[in-house]
Amino acid sequence: MNTISVIGTGYVGLVTGTCLSEFGLNVVCMDTDAAKIRDLEQGRVPIFEPGLPALIAKNVAAGRLRFTTDMAAAVSAAPVIFLAVPTPPGEDGSADLQHVLAAADAIARHMTEYKVIVNKSTVPIGTGRRVREVVRAGLDRRGAGLDFDVVSNPEFLREGSAIRDFMHPDRIVIGSDNAKSREILREIYNVLYLIDTPFIFTSLETAELVKYASNAFLATKIAFINEVANLCDAVRADVRDIARAMGMDGRIGKYFLHPGPGFGGSCFPKDTKALVKIGQEHGVSMSIVDSVVRANEFQRHRMVMKIEAGLAGLEGKVVGVLGLAFKQGTDDVRESSSIPIIRELAAGGAAVRVYDPQAMDNARKLALAGLDALTYCADEYDAAAGADALVILTEWNQFRHLDLARIARAMRGRRFFDLRNLYEPDEVAGSGLIYEGLGRLQA
Ligand code: NAD
């Protein structure tokens with residue numbers, strides 16, 4: 001079992017395939033996107049993820065990592081096939097399974113011996129069994145009485161620290177209903193097993209729900225502290241002290257207590273909506289998660305209201321925006337709060353000048369394509385040029401050390417909206433700017 005295939009070579013598939021090759025396995029990464037595979041074959045990495053290009057180059061050179069668009073080749077190459085295809089939200093918020101089921105069908109068409117199909121995509125509870133039905137039906141159509149197993153192995157990596165997360169996970173969750181496939185997965189992750197990574201072996205359904213429950217809980221923490229920050233603004237309390245004091249309680253924990261313009265990314269928004277939908281389908285109210293979804297959407301709008309109030313209206317104003325990525329360390333703009341916030345600022349009549357160190361291309365091509373009121377800038381100071389307000393939306397490290405005097409000189413107005421709480425209010429005020437954070441006490 002020392003060769004594996006990964007179907008879907010995006011953020012999760014490419015990191016999974018690369019890290020497993022680093023563990024010494026032979027890996028074939030397959031994708032239907034020919035341009036992506038061509039890039040990888042020519043040594044270009046289609047996503048920004050720190051440390052990934054060097055690790056890919058090393059394992060390609062060692063002959064352990066290959067890329068292909070050929071599904072038949074990927075299926076025949078390996079006894080174990082990981083699925084890392086997208087599960088985007090459908091119109092009603094439920095996860096769209098077309099890519100997962102298409103991949104399952106393709107595996108059934110090409111397999112000629114026992115396979116373990118390992119699902120790493122985040123999927124609604126019961127999908128593992130659906131994958132099994134699709135593969136079984138495909139094999140029946142061919143009259144092929146082959147054996148196979150389906151395993152759920154949800155992925156918890158974070159973009160921006162994906163390699164470290166994959167190599168040093170808090171836990172590995174393996175959902176399976178037989179010992180054979182469990183043992184095969186344990187062998188694949190042997191490197192992690194040997195360094196005492198906790199393994200949780202469970203049923204297919206439990207593993208599928210672990211992922212949604214984890215993401216929904218983290219999203220709840222963020223939405224919660226955002227509301228506390230909003231209250232702090234109203235009652236003259238400081239959310240940073242509150243979050244620090246709360247976090248010292250071991251039952252609460254200090255992570256995910258940083259207020260911001262609303263959570264984004266390819267996971268939290270879609271997974272919270274999907275969990276609400278899964279609850280509805282089973283007649284179970286997920287009212288807490290439902291509130292989190294709504295609170296997060298309102299948080300984005302609330303940021304625009306804050307800017308609008310500070311500027312006494314948006315019409316004819318120039319707003320500099322720092323940050324398009326949904327968080328630092330990635331070029332991913334999927335569901336980034338920056339996108340609806342910029343759109344709403346533009347719809348209100350503001351001209352927006354934006355800068356992001358990694359995510360400008362993705363915004364230009366995808367999320368903000370065709371938005372006329374938008375200027376892409378060369379750097380932070382260019383974004384501030386002639387602006388009535390400067391707004392920090394992503395917590396990139398380089399935004400933490402701005403030359404505030406230079407920013408103040410570049411702007412025509414004074415408003416500095418620090419919507420990630422990166423600065424001390426006094427420090428900004430000392431540069432002649434008017435500071436507004438989230439739930440921060442001003443001198
Ligand atoms: P992605 O969009 O970056 O990559 C998915 C890739 O799959 C794309 O390159 C696409 O071309 C390819 N693809 C689509 N259909 C295919 C098919 N039938 N055969 C082969 N390739 C196909 O997505 P991602 O961010 O890697 O997410 C993948 C899954 O992992 C999702 O379910 C997501 O929820 C989950 N997940 C993502 C993260 C994350 O941080 N991005 C973390 C944990 C889990």
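Select Phe 256 first: leaving out residues up to four places away in sequence, it touches Leu 218, Lys 221, Ile 222, Ile 225 and Phe 268, where contact means heavy atoms within 4.5 Å. What is on screen is a predicted model, in which local features need pLDDT of at least 70 and side-chain atom pairs count only at pLDDT 80 or more, whereas totals for chains, interfaces and linings use all residues. Residues are numbered from 1 along each chain as its sequence is written, and side-chain values use heavy atoms, with hydrogens and water left out.

Phe 256 belongs to the loop between α11 and α12, helices and strands being DSSP runs numbered from the N terminus (H or I with at least four residues for helices, E with at least two for strands). With a relative accessibility of 27%, Phe 256 counts as partly exposed; buried means under 20% relative accessible area, exposed means over 50%, and partly exposed lies in between, for a 1.4 Å probe and protein chains only.

Next select helix α10 (residues 204-235) together with helix α11 (residues 239-247), whose axes come within 9 Å and cross at roughly 140 degrees. The axes are lines fitted to C-alpha atoms, for helices over the stretch in contact, and angles run from 0 to 180 degrees between N-to-C directions. α10 and α11 are therefore oblique to each other, given that angles under 35 degrees count as roughly parallel, over 145 as roughly antiparallel, 65 to 115 as roughly perpendicular and the rest as oblique. Their crossing is right-handed; a crossing has this hand if the near helix is turned clockwise from the far one by less than a right angle, and is left-handed if anticlockwise.

To display the contact itself, pick Phe 224, Ile 225, Val 228, Ala 229 and Cys 232 of α10 with Val 239, Ile 242, Ala 243 and Met 246 of α11. The residues of this contact divide into 9 nonpolar, no polar and no charged, on a scheme in which Ala, Val, Leu, Ile, Met, Phe, Trp, Tyr, Cys and Pro count as nonpolar, Asp, Glu, Lys and Arg as charged, and the others, Gly among them, as polar.

In the loop between α10 and α11, stop at Arg 236, which has a positive phi of about 60 degrees although it is not a glycine. Arg 236 is exposed, with a relative accessible area of 62%.

**The pair α13 and α14**

Now move to helix α13 (residues 287-311) and helix α14 (residues 338-347), whose axes come within 9 Å and cross at roughly 40 degrees. That makes α13 oblique to α14. The contact joins Arg 300, His 301, Met 303, Val 304 and Ile 307 of α13 to Pro 340, Ile 341, Glu 344 and Leu 345 of α14, and its residues divide into 6 nonpolar, 1 polar and 2 charged.

Keeping α14 selected, colour Ser 338, Ile 339, Ile 341, Ile 342, Leu 345 and Ala 346, which are buried. Seen down the axis of α14, these buried residues fall within an arc of 170 degrees, so they line one face of the helix; the arc is that of the directions from the helix axis to the C-beta atoms. Their cover includes α13, β9 (318-322), β10 (351-355), α15 (360-367) and β11 (374-376). Just after α14, Gly 349 takes a positive phi of about 105 degrees.

**On to α15**

In α15, select Met 360, Asn 362 and Ala 363, which are buried. They cover an arc of only 160 degrees around the axis, which puts them on the same side of α15. The buried residues of α15 pack against α1 (11-22), β10 and β11, while Lys 365 and Leu 366 are exposed on the other side of α15.

**Two last stops**

Select Lys 277 in helix α12 (residues 268-281), where a relative accessibility of 18% makes Lys 277 count as buried. Leaving aside neighbours within four places in sequence, Lys 277 is in contact with Asp 92 and Ser 94.

Finish at Asp 196, in the loop between α9 (190-194) and β8 (199-202), where phi is near 65 degrees, a positive value in a residue other than glycine. Asp 196 is exposed, with a relative accessible area of 66%.
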